[in-house]
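Biologist: Please take me through the contact between the two chains and the grounds for each term you use.

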Amino acid sequence: MKPEQDIQLLGGLLDLPVIDRDHRYCGAVDDIELEGIGGNTRVKALIVGPGGYRGRLPRWAYAIVRQIAGNHVTHVPWEVIEEIGSAVILRVTADEFGLHRVENRARALLPKAGAL
Amino acid sequence: MNFLELTLGIMTAVGGFVDISELVFAAQAGSTYGYALIWVFAFATVGIMVFGEMSGRVAAIAKQPVFSLMRHRLGLPLGMVTLLASLISNLITCAAEVGGVAIILHLLTGWAYWIMAIAAILVLIATIWILPFKWIERSYGLLGLFMLVFAVALVKLNPPWGDIGRGFVPQIPPGLSAREMTNFAYFGVAIISAVLFPYEVYFYSSGGIEEDWGEKDLLTNRITCIVGFGLGSLLAIAILSNSALLFGPVLVGPQLPGTAALQPQLAFGRTGLLLALLGMLFAVGGAAVETCLANAYSICQFFGWEWGRHKKPWEAPRFTIAWIALFIIALGIVLSGIDVITLVEFAVLFSILVLPLTYLPMLLLASDKKYMQAHQNGIVANTLGWIYFVAILLAAIAAVPLFFLTSGGQG
């Protein structure tokens, strides 16, 4: 499915994995940012990050998530979406929007040798 | 279809089928109830064939891991409940497997159990760090084929084949008291749980993506599930039958995992014992790897992180940190002093409670045309899937009362 096609927003997009141009996983669609009103409502951006759980989880559960993972979010503009299927494919790299910040920090902790 | 790959896949499935829980419950079931619980193994094995095939097909066609799709299908709150439940269940199972490996190493070397537990974790971590996915899966699975000594021992011991054959017919042994009947029911539930452990489908479907399965692999997937799991289950049934033949008449309760290794020893002497212990070591070690990776897969797939051991460990860093941390937590549980049998009992109890949450989404995903296109469940897969889902649900409802009524199968 191409992003310009009409889709059932909540059912079609929410919680899909997000994959960048280089086929790297870079989060999930945790929430959606809309703009406009009435019939002119359109998706402005996908929200990726634990802050997107706010309002989607019971308050106590979100408080726990926030303690563990923080509440940061990244806004991924609708214009950079290449395709929507069983995942959202971006036409940009994860690093262009900082979607691999935590992944990169974790990478720094690991030795880079010894694996076949 | 590549026949070498298919054969290796089947052999891997056979060698990797038996884990610590099946070992414990098959041996105990045989010594306590003779051949009367064989049909439960057979029934549960068809269940794992059905759901294993579905999970492999979802991976091959939807091209996305089951936990990603599950979150999308169930939504965030219910998806998170499923994630947490399966994490707890798989972690306890992983600890039981690590404890099992430590016991077997202790039997092989005579060194202290806790030292062997630490050594086991170090070797398991090194294995996953060094080897890519296919090598990890194949090496443990193929070395687990030493377990075939249990089947060969059964043939050598010349058992009453007619009684074993009749064990495949659903039955309840006559003349059981109410207490014994409750215990029999508990064993039935525990065997269903042990054969259908949630980690198996998470690992199997993630493995399909690790190996880049596609439409061309659907037949291989189906054959591997049916033949591989079927033959693997026969190994578990061989352990049960040996136990009925050797331990039941002399009232030996083979609770410790090591006791089962005596079966090949009685048939083949010291060589049989050694082969049995080696088979158990690699089969249970492989299950420890699968449970740990299944948890790391689930976490990363749920949150959309990089995952997989087809990548170098530093290319999927959060995945790597997750499986290392999970192994260390499992080691902590083992070193806390909880004995392996208690861990096995908790593993089967928690797993049966999680099973409906595991298999219902799988059934819904595999039936969903949006994900599966022309390869959605047909009438046979759907009918079997729903029959097994109801059976799993009933077993899950019965599990907790049975566990407490029988003190975890102690009668």
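Modeller: Chain A and chain B bury about 2700 Å² between them, of which 60% lies on carbon and sulfur atoms. On chain A, Tyr25(A), Glu103(A) and Leu116(A) supply 26% of the area buried against chain B, more than any other three residues. This is a predicted model, in which local features need pLDDT of at least 70 and side-chain atom pairs pLDDT 80 or more, while totals for chains, interfaces and linings use all residues. Residues are numbered from 1 along each chain as written, chains are lettered from A and ligands numbered from 1 in written order, and side-chain values use heavy atoms without hydrogens and water.

Biologist: What makes the area between chain A and chain B "buried"?

Modeller: Buried area is the accessible area (1.4 Å probe) that two parts lose on being put together, summed over both; therefore the value of about 2700 Å² covers chain A and chain B together.

Biologist: Which residues count as being in contact?

Modeller: Contact means heavy atoms within 4.5 Å, and 35 residues from chain A and 34 residues from chain B take part.

Biologist: Why is the pair Asp15(A) and Arg71(B) called a salt bridge?

Modeller: The term requires a side-chain nitrogen of Lys or Arg within 4 Å of a carboxyl oxygen of Asp or Glu. The N to O distance between Asp15(A) and Arg71(B) is 2.7 Å, so the pair qualifies. The count between chain A and chain B is 3 salt bridges.

Biologist: How do you know that E3(A) and E4(A) pair?

Modeller: Strands (DSSP runs of E, at least two residues) pair if DSSP finds at least two bridges between them. Strand E3 (residues 31-35) and strand E4 (residues 42-48) of chain A are joined by 5 bridges and run antiparallel, so they pair. Asp31(A) stands opposite Ile47(A).

Notes:
Helix = DSSP H or I, 4+ residues; strand = E, 2+ residues; numbered from the N terminus.
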